[in-house]
Amino acid sequence: MTTVGILGGGQLARMLALSGAPLGLRFLVMDTSADACAGQCAPMVVGDYRDQDALAEFASRIDIATFDFENVPADSARWLAERVPVFPSPRALATAQDRLVEKTLFRELGIPVPDFVPVATREELEAAVARIGTPCILKTRRLGYDGKGQFRIKRGTVGDGAGVDDAWNALGAQAATVGLILEAFVPFERELSVVAVRGRDGGFRTWPLTENWHVDGVLSASLAPAPADGGLVRQAVDHARRLAEALDYVGVFALELFLRDGVLLANELAPRVHNSGHWTIEGSETSQFQNHLRAVAGLPLGDTRMLGHACMLNWIGEMPDGAPVLREAGGHWHDYGKAPREGRKVGHATLRADDRPALAGALERVGAALGRETQVAPVLERLL
Ligand code: AMP
């Protein structure tokens, strides 16, 4: 009987535990909060990730460890790795935790990235804006997620200043703690992601390319397979494979991409199962959650082929009425069991259908019934 320890007890840990049960795996989740939603599906250790007593208890009750979020302190991951196998490795985790290290690796591997410059002072920010040009985005190097810790500079090359001042006022204090990076703003045509898995034996698979739509930096909807030609898919798979091999990665990861003039630029590596892969639960032969567990447990990887077409809609803040989704033949409901809170991811729905017109029909009905016409509109535009 193998017990998988998961650091972080959010919806990703919850869905990992749910998908690992048929494999006979047991789970232990560690989170700082006793009411983390994975605790409804698996036993928990409650404690700070830096608390050695809590970590020691966690380590003593598990056979392997993995993560449901990337901001676990790297020292804690390394401490744990001296006691149990940890996948993905603390090195892979540390790379993905720092936008500068991550983007430098992309560049070294020949993966195109938006131009970027590290920034430590107000003067360096001015010089960086002058070099990169506007618009550009100032981001924290570490601990940013879902568009948090970012400031878009629309104007303000040296001289007219306002944009640069505002950006420094918003994030400058964090230069000394989490570090800052300035990136060129990419006027992308589409946002895509590739979710991939690599096994302990080096076996590598990807799910079909997914198209994503964000609202205020938070994922709103995903469509798979993303309408894309073979060349684009090859670029994405190639980027993902190069990264996986360079990091000797084990488990699932997602690479977020911007499409611009036929080129896929890498935005971010998420070293874990990813929101843009939630559709794989019902939309593919083997979900990202189960394949992550197969990878970390050293089991054969499952087929990642799609079953038709799928669209995932995120529910942010509070759950809507589930009935319109449940009424659909290919409608699937996921309530994470969280208390409502503004901006919080509380659940999602996946609509699956055999062809694009059928998926569009289901999306139109669900959008209208829930008053979510705006949320489904860009997906419908792509489908029709
Ligand atoms: P991130 O936290 O880096 O994944 O950014 C969240 C969202 O902000 C992305 O999904 C994009 O929609 C947008 N964004 C981030 N970086 C850039 C960029 N360099 N150019 C254009 N849009 C960006």
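Modeller: Here are some questions and answers on sheets, helix pairs, a salt bridge and a few backbone features.

Modeller: Please keep in mind that this is a predicted model.

Colleague: Thanks! What is the order of the strands in the open sheet with parallel pairing?

Modeller: Four strands make up that sheet, and their order is S3-S2-S1-S4.

Colleague: Why do strand S3 (44–46) and strand S4 (64–67) stand at the edges?

Modeller: Each of them has a single partner strand, so one side of S3 and one side of S4 are left without a neighbour in the sheet. On average, neighbouring strands of this sheet are turned by 25° against each other, direction ignored.

Colleague: What makes S5 and strand S8 (residues 180–184) a pair?

Modeller: Four bridges link S5 and S8 in the antiparallel sense, and at least two are required for a pair. Val119, for instance, has Leu180 in S8 as its bridge partner.

Colleague: Let's turn to helix pairs. Why are helix H12 (residues 356–370) and helix H13 (residues 373–383) called roughly antiparallel?

Modeller: Their axes cross at roughly 165° and come within 9 Å. Angles over 145 degrees count as roughly antiparallel, and H12 and H13 are therefore given that label. The crossing of H12 past H13 is left-handed.

Colleague: Which residues of H12 and H13 meet there?

Modeller: On the H12 side they are Arg356, Leu359, Ala360, Leu363, Glu364, Gly367 and Ala368, and on the H13 side Glu373, Val376, Val379, Leu380, Arg382 and Leu383. The residues of this contact divide into eight nonpolar, one polar and four charged.

Colleague: What makes H3 roughly antiparallel to helix H4 (residues 90–97)?

Modeller: H3 and H4 pack at about 170°, with their axes 9 Å apart. That angle makes H3 roughly antiparallel to H4, the cut-off being over 145 degrees. Ala74, Ala77, Arg78 and Ala81 of H3 make the contact with Pro90, Leu93 and Gln97 of H4. By class, the contact residues of H3 and H4 are five nonpolar, one polar and one charged.

Colleague: Why does the pair of H4 and helix H5 (residues 99–108) get the label roughly perpendicular?

Modeller: The angle between H4 and H5 is about 100°, and their axes are 5 Å apart. The range for roughly perpendicular is 65 to 115 degrees, and H4 and H5 therefore belong to it. Thr95, Ala96 and Gln97 in H4 meet Arg99, Val101, Glu102 and Leu105 in H5. Three nonpolar, two polar and two charged residues make up this contact.

Colleague: How do you know that Asp75 forms a salt bridge with Arg78?

Modeller: The closest N and O atoms of Asp75 and Arg78 are 2.7 Å apart, and the cut-off is within 4 Å. Both residues lie in helix H3 (residues 74–81), three residues apart, about one turn of the helix. The structure holds 20 salt bridges, too.

Colleague: What is the phi of Asp216?

Modeller: Its phi is near 50°, a positive value in a residue other than glycine. Asp216 sits in the loop between strand S11 (210–215) and S12.

Definitions and conventions:
Residues are numbered from 1 along each chain as its sequence is written. This is a predicted model: local features need pLDDT of at least 70, side-chain atom pairs count only at pLDDT 80 or more; totals for chains, interfaces and linings use all residues. Side-chain values use heavy atoms; hydrogens and water are left out. Helices (H or I, at least four residues) and strands (E, at least two) are DSSP runs, numbered from the N terminus. Axes are lines fitted to C-alpha atoms, for helices over the stretch in contact, and angles run from 0 to 180 degrees between N-to-C directions. Angles under 35 degrees count as roughly parallel, over 145 as roughly antiparallel, 65 to 115 as roughly perpendicular and the rest as oblique. A crossing is left-handed if the near helix is turned anticlockwise from the far one by less than a right angle, and right-handed if clockwise. Contact means heavy atoms within 4.5 Å. Ala, Val, Leu, Ile, Met, Phe, Trp, Tyr, Cys and Pro count as nonpolar, Asp, Glu, Lys and Arg as charged, and the others, Gly among them, as polar. A salt bridge is a side-chain nitrogen of Lys or Arg within 4 Å of a carboxyl oxygen of Asp or Glu.
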